[in-house]
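Subject: Structure handover

Hello,

Here is the structure for you to open alongside this email. My notes on what was found in it follow below.

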Amino acid sequence: MKTIIIDHQNDLDLIASCPVVAALGFFDGVHLGHQKVIQTAKNLAEKMGVKTAVISFFPHPKEIIGKTGKRVQYLLPPAEKAKKFSHLDIDYFYLIRFTSEFARLEPKEFVQKYLVPLQIKHVAAGYDFTYGRKGKGSLDTMEEDSGYSITVTKVENVKRNDEKISSTLIRNKIQSGLMEELPDYLGEFYETKGKMIHTDAKDELILDRYYMLPPKGCYDVAIDIGKGWFEGRVLVTKQKKIYWLGPSISSVWSISRVKVKWIARSFDLTLEIEEKEEKNLVFTKG
């Protein structure tokens, strides 16, 4: 898969190498609903005899045009999102820098300045996808905005457990510590990456940027520090620090890269630790 970052300085006519069917959206988490959109684009591309692209944006539009002042909580960094697209056998990943200038584009301007020069012949997107200033454009207007050079497919939502799968739903599940429910919506356990700092007293995990952290408590996890996956437990503190509770890890390095699959919250151990915290007991390694 070829990844191309697009900003206002790019000459899109030079970037586009061939006609494509594009899956269009933000795709945070690349959950099962997103995967349905991407698979729809792939199926259509195969029928049309063209390549498949994903078009996404960064940062999140709410960071640029939001009025709440709150920082957006991401499920995945852009680089990890790209890896998931690659695993889905996408040919091109176009990542558009979302700026205040980009946000001011009228719907037709977005289509004519970005989608048409990229040789997008067909767009697949979620049924509620909007584009252009104030989200005034939709899949119902895109064909006309393109001068009828682009056709569209509106993909209906995916439900699990009577809930519409969405990135917002998954964020809410993580904020509630319901990690064991996430495979129903992501298709796999929620995975984060970061580093583990090893000391004699404790092993601390520090996540990379653009991942979410569940609330304080103990969690069953699987980790990989380059030696394969094995299961254990971590403690997330009120101060949003993560400590490895065991089993013990031997490492010749003081700092290791680590991948963490969040499996489930351990409620019994969480209650036990909260009781000990009230008595000012400190957990140390071993």
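Of the 286 residues of the protein chain, 45% count as buried. Buried means under 20% relative accessible area, exposed means over 50%, and partly exposed lies in between (1.4 Å probe, protein chains only). The chain exposes about 15,100 Å², and carbon and sulfur atoms supply 49% of that area. Accessible areas come from the Shrake-Rupley method with a 1.4 Å probe; for residues, only the protein chains shown count as cover.

This is a predicted model: local features need pLDDT of at least 70, side-chain atom pairs count only at pLDDT 80 or more, and totals for chains, interfaces and linings use all residues. Residues are numbered from 1 along each chain as its sequence is written, and side-chain values use heavy atoms, with hydrogens and water left out.

Overall make-up

The protein chain has 10 helices and 16 strands. Helices (H or I, at least four residues) and strands (E, at least two) are DSSP runs, numbered from the N terminus. Take the contacts in the chain with a separation of 6 or more: residues 24 or more positions apart account for 72% of them. Contact means heavy atoms within 4.5 Å.

The open sheet

Six strands form an open sheet in the order β1-β4-β3-β2-β5-β8, with parallel pairing. Its edge strands are β1 and β8 (151–155), and each pairs on one side only. From one strand to the next, the twist averages 20°. Two strands pair if DSSP finds at least two bridges between them. Axes are lines fitted to C-alpha atoms, for helices over the stretch in contact, and angles run from 0 to 180 degrees between N-to-C directions. β3 and β4 run parallel and are joined by six bridges. V54 stands opposite F93 in β4.

Helix α4

Which residues of helix α4 (residues 78–87) are buried? They are P78, E80, K81, A82 and F85. Their cover includes β1 (2–6), α2 (32–48), β3 (51–58), β4 (92–97) and β11 (190–198). Look at A82 in this helix. A82 counts as buried because its relative accessible area is 12%. Leaving aside neighbours within four places in sequence, A82 is in contact with M1, T3 and F93. A82 and K2 are 80 residues apart in sequence, yet their C-alpha atoms are 9.5 Å apart in space. Just after α4, D89 takes a positive phi of about 65°.

The barrel

Another six strands close into a barrel, in the order β11-β12-β15-β14-β13-β16, with antiparallel pairing. Here the twist averages 45° from one strand to the next. Two bridges join β12 (residues 203–207) to β15 (residues 242–246), and these strands run antiparallel. L205 has I242 in β15 as its bridge partner.

K259 is found in strand β16 (residues 255–265). Buried or partly exposed? K259 is partly exposed, because its relative accessible area is 28%. Its contacts, leaving aside neighbours within four places in sequence, include E191, T192, K193 and W229. E191 lies 68 residues from K259 along the chain, and their C-alpha atoms are separated by 6.9 Å.

Cysteines

C18 is buried, with a relative accessible area of 17%. C218 also counts as buried, at 0% relative accessibility.

Best wishes
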